[in-house]
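Hi,

Here is the structure I promised to send over.

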Amino acid sequence: MKVVVDMDKCQDHGQCAFAAPEVFLIDPGTSKLVVLQDEPDEAFRDQVEEAADVCPVQAITIED
Amino acid sequence: MQRVVVVGAGMGGLRAAEAVRKAGYSDELVLAGAETHMPYNRPPLSKEVLATEVEHEKVAFPLRAVLGDVQWRLGAAASGLDLGAASVTLADGGQLDYDGLVIATGLRPRRLDLSGPPPTPQAGRHAVRTLDDAAALRKDLQPGARVVVLGAGFIGCEVAATARLLGCDVVCVAIDPYPMVRPLGRVLGAEMQRRHEAKGVQFRLGTGIVAFHGDDHVTGVELSEGTVVPADVVVEAISSHCNTEWLAGSGIDISDGVLCDNTLRAVRGDGGPVEGVHVVGDLARFPNPLFDDVPRRVEHWNIPTETGKRVGPALAGYLRGEGYDAAVDTPFAPLPAFWSDQYDIRLQSYGALGLADEDGIEILEGDITDEVVVGYRRGDVLVGVAGLGMLPRVNSYRAVIGHSWPET
């Protein structure tokens, strides 16, 4: 599973970081999105799908 | 072979379809929608899609592999439901029998019906709900155009902001005393009015609209106070109608949206839930135990997804013959969430702000004229927060909404 974030779309809403905290982080200093794992383990699939679903600008896609 | 029919191909219908598949349902799945477009994300319609030409593919939801074998019936509005026969009638005459049904037909903008004579002009009048609506409005938002926005809710204010950024002259007319006052209350409403006015938007508040002026093309809007506001473009963002006409006579309670129980089963007028018939999105009027046991509709962006994910496993379990016990044992208590972008202002909110006591709105952190977090209290319970900027701070309250008011 590969996580792709379209950084042109991303507006740092941070909803993904609540859905999948091991994969997405809003940097407390810059308030910008940091992707912690580009290719997370299958165990994170539900969380990452949730993160993609709750992204207000739909910037997250999952490539298998 | 069983068949699940999802009526409404917006975000709620899409999420419900994904969730029922993910929960193991593998038989026939039909998604029918009135629009001809595949499901797409609506928030950009009052912002990016008005500002620049944006194609459907830029706002379309990515289609998951799990929906590879869905039968799409687009451009096919539903016209009737027969619960006894378990059958949906489509406006094109088609008939869809179902074993499980998801009601996801959402809302449409309320258009002003100001009766003549003379007949009211049509050209130059817009509403914003669909991609086609937004594309039509974009053509009229030319620099210097006189734009009158009717309604000062989120959509009205977002359209006003976008039109100002495009160089239009903008007047916003509303019956409310402040913009966005019903969702946000007076404190944030007044501040947002100040910020819009600083960008050049004029407000005519506390007034109704009695007539459109113009023959074929609208030339002005007559207010109840007697003045006429000249207009080249009018955007009607007053409120919404529930798309429930197709359910009339079915026996389901459609007095406001579609009444549901906490498993999102539709409820009959006699109070009994309908097994196998579920409701998602803006239409779903459900009790949320995060707050209380009163069923309410929630027109926030995260609710179609939350309700869709609730319905998927419940409906799949029902179709396997397992009944609803597992779903009933897992209460559904989603945290409502919304945001709004106006100019460079990010407004973010969680909870049910409308439940706050009249004197229950207080600044929790920050400065109202800059960045701020506002709390909404009912009794001694924090029912919601809203912030201008300060996103990490706003987000920090998510877990405490529905609990005691924070000591500051």
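**Notes on the sheet, the cores and the chain contact**

In β26(B), G366(B) has V372(B) as its bridge partner. Keep in mind that this is a predicted model.

Zooming out, chain B has an open sheet of five antiparallel strands, ordered β23-β24-β27-β26-β25. β23 (337–342) and β25 (361–366) of chain B sit at the edges with a single partner strand each, so one side of each has no neighbour in the sheet. On average, neighbouring strands here are turned by 20° against each other, ignoring direction.

Now the inside. The largest nonpolar core has 69 residues, and V149(B), V235(B) and V385(B) touch the most other members. Helix α5 of chain B (residues 154–165) is the top contributor to this core, giving seven residues. There is also a second, separate core of 47 residues, with V102(B), L247(B), V258(B) and A314(B) among them. In general, nonpolar side chains of soluble globular proteins tend to be buried together.

Beyond its neighbours within four places in sequence, V385(B) is in contact with residues including L364(B), V373(B), V374(B), Y376(B), V394(B) and I401(B).

Finally, where the chains meet: 11 residues of chain A are in contact with 13 of chain B. On the chain A side, those residues split into five nonpolar, five polar and one charged.

Cheers

Terms used
Residues are numbered from 1 along each chain as its sequence is written. Chains are lettered from A and ligands numbered from 1 in the order in which they are written. This is a predicted model: local features need pLDDT of at least 70, side-chain atom pairs count only at pLDDT 80 or more; totals for chains, interfaces and linings use all residues. Two strands pair if DSSP finds at least two bridges between them. Helices (H or I, at least four residues) and strands (E, at least two) are DSSP runs, numbered from the N terminus. Axes are lines fitted to C-alpha atoms, for helices over the stretch in contact, and angles run from 0 to 180 degrees between N-to-C directions. Two residues are in contact if their C-beta atoms, placed from the backbone, lie within 7 Å. Ala, Val, Leu, Ile, Met, Phe, Trp, Tyr, Cys and Pro count as nonpolar, Asp, Glu, Lys and Arg as charged, and the others, Gly among them, as polar. A nonpolar core is a set of buried Ala, Val, Leu, Ile, Met, Phe, Trp, Tyr and Cys residues joined through C-beta atoms within 7 Å. A residue is buried if 20 or more other C-beta atoms lie within 10 Å of its own, exposed if 12 or fewer, and partly exposed in between; C-beta atoms are placed from the backbone.
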